[in-house]
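Subject: Handover of a structure

Dear colleague,

Please find the structure below, together with its sequence. I would be grateful if you would read the notes that follow with the structure open beside them.

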Amino acid sequence: MLGGGLLGAGTLLASGTGYLNGAANAATGPGEEAGAPGRFDPRDWSSVRDQFAVTRRYAQFTAFVLSSPPAQVRAAVARYRRLMDFDPHKYGMEANDMRTSDAVRRALAAYAGGDKSEYMLTDSTTMGLGLLYRGLKLRPGQEVLTTDHEFYATHEALRLHSDVAGFSVRRVPLYTDPARASVAEIVARIRREIRPGTRVLALTSVHSSTGVRLPMADICEAVKQVNARRDAADRVLVCVDGAHEFAATLVRIPETGCDFYVTSGHKWLFGPRGTGFVWGRTDAWAAVQPIIPSFSEAAIVAWIEGRPPVGEPGELNTPGGYHTFENRWALPEALDFHRRIGAERIRDRIQELSTQLKDGLSELGHVRLHTPRDPALSAGIVCFSVEGMETGAAQEELIHKHRVYAGATPYKQSYVRLGPSLVTGEADVRRAVRAVAALR
């Protein structure tokens, strides 16, 4: 059974890597109808917007939390679900070998760089961070250096592992005022804080707390200089939470110089819900112990033969068990959607809309912008506060009075945040600025 049935699954996946015609049934809210997407012209931003069934009653500025997938992704998910509902033996159980996910990993490598063997598939960024940090082989006396700006998922994943493994976790600030952060300040602070016992540098590329985007290439170059004087077993591993950078401002992951990169497919990529991955350099994977047994052929055969498994690190680290395969297998469609538009055009579009938003907010006397104006130090998330107004109250008024979907950063110091994306236009940005101007 390890080999049988895989040909049909491989054919199924291969046929889903291009554009799938037809539209899936879209859920609609009260009084709303999701219109047909129409012909897709990737050069026209209005046509791009038309591929999404998301409501237009509200200006969409929170897709970075959970996005609505475009038509071709919805169609692929629906198709795979129908096939598995119709014949779960053929398209479900027998397809549940890790080799059925090779098409997904190949698509990720083609889009984001590296080799398919370096990609571990997960259901979310949080799952990826938990498995990565739990699996790191750290010795007592070694430490993980992280920052005050990380999200709960990183801090908790490190705490849970350090409690049983005996290594220490140290947090440091990278800037005092996020709006005035600089490349030199951030790199210098990290370089200064690396100690002889530092084994891991745990960072988030775009801070969802402030919107600050870290200069990862500069940071990794500084770490590279440190590692040049260290043995391989003691070199600093740079681990990155890229949830708010991937597919928004960054595509080619290996070019950053990091060792591990963790992200999801259901935020800026506008992919299927419940998808994510961990990319790791081939030589860096040796520092990670798999946590959940994989369902790969290499692992199962090794178990039968009573020996440790040997195989691709991404495959061996991918958790086994049953997942929402119709979503996972449709992930290449989201990559194809971005490819057709152009990764650089998407990056420039988000930067253009974010700059328009920051420029508008900065002209409001009662608003304090906390995200850097410099595009090199920011991405799609824009954080701000309103004088004399609680963050939660500002968020509620934006949503319920002005129909502008806004977020509130889930941190001790909370700010209002807006994130322009592929489902946002220039008119939406102007509407958001007018709405913020009316907050008092």
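Predicted model: local features only at pLDDT ≥ 70, side-chain atom pairs only at ≥ 80, totals over all residues.

**Strand 6 and its neighbours**

In strand 6, Y261 is the bridge partner of V240.

Strands of a sheet pair through backbone hydrogen bonds, in either a parallel or an antiparallel sense. Strand 5 and strand 6 run parallel and are joined by three bridges.

Because five of the five residues of strand 6 are buried, the strand is largely enclosed by the rest of the structure.

**Two loop residues with a positive phi**

Most residues other than glycine have a negative phi. A247, which is not a glycine, has a positive phi of about 75°. A247 lies in the loop between strand 5 (237-241) and strand 6 (260-264), and its relative accessible area of 4% makes it buried. F270 also has a positive phi, near 60°. F270 belongs to the loop between strand 6 and strand 7 (276-280) and counts as buried, at 1% relative accessibility.

Strand 9 (residues 382-386) and strand 11 (residues 416-418) are paired over three bridges in the antiparallel sense; here C383 stands opposite R417.

**Helix 14**

Helix 14 (residues 343-362) has 20 residues, which at 1.5 Å a residue should span 28 Å; its end C-alpha atoms are 28 Å apart, in agreement. Its buried residues include A343, I346, R349, I350, L353 and L357. Seen down the axis of helix 14, the buried residues fall within an arc of 165°, so they line one face of the helix. An α-helix has 3.6 residues a turn, so residues three or four places apart point the same way.

**Aromatic rings**

The count of aromatic pairs comes to 15. In one of them, the ring centres of Y80 and W329 are 5.9 Å apart and the planes stand at 85°, so the pair is edge-to-face. This pair links distant parts of the chain, since Y80 is in helix 3 (residues 71-86) and W329 in helix 12 (residues 325-329), 249 residues apart. Y80 is buried, with a relative accessible area of 0%, and W329 is buried too, at 2%.

The rings of Y322 and F325 have their centres 6.4 Å apart and their planes at 75°, so this pair is edge-to-face. Is Y322 buried or exposed? At 58% relative accessibility, Y322 counts as exposed, whereas F325 is buried at 7%. Ring pairs link Y80, F295, Y322, F325 and W329 into a cluster.

**S117**

S117 is found in the loop between helix 5 (102-112) and strand 1 (119-122). S117 is buried, with a relative accessible area of 13%. Its side chain makes a polar contact of 2.7 Å with the side chain of D115.

Yours sincerely

Definitions and conventions:
Residues numbered from 1 in each chain as written. Heavy atoms only, no water. Pairing = 2+ DSSP bridges. Helix = DSSP H or I, 4+ residues; strand = E, 2+ residues; numbered from the N terminus. Buried < 20%, exposed > 50% of the residue type's maximum accessible area, 1.4 Å probe, protein only. Expected span 1.5 Å × (residues − 1). Arc of directions from axis to C-beta. Polar contact = N/O pair within 3.5 Å; in protein donor to acceptor, adjacent residues only side chain to side chain. Phe/Tyr/Trp six-rings, centres within 6.5 Å; stacked < 30°, edge-to-face > 60°.
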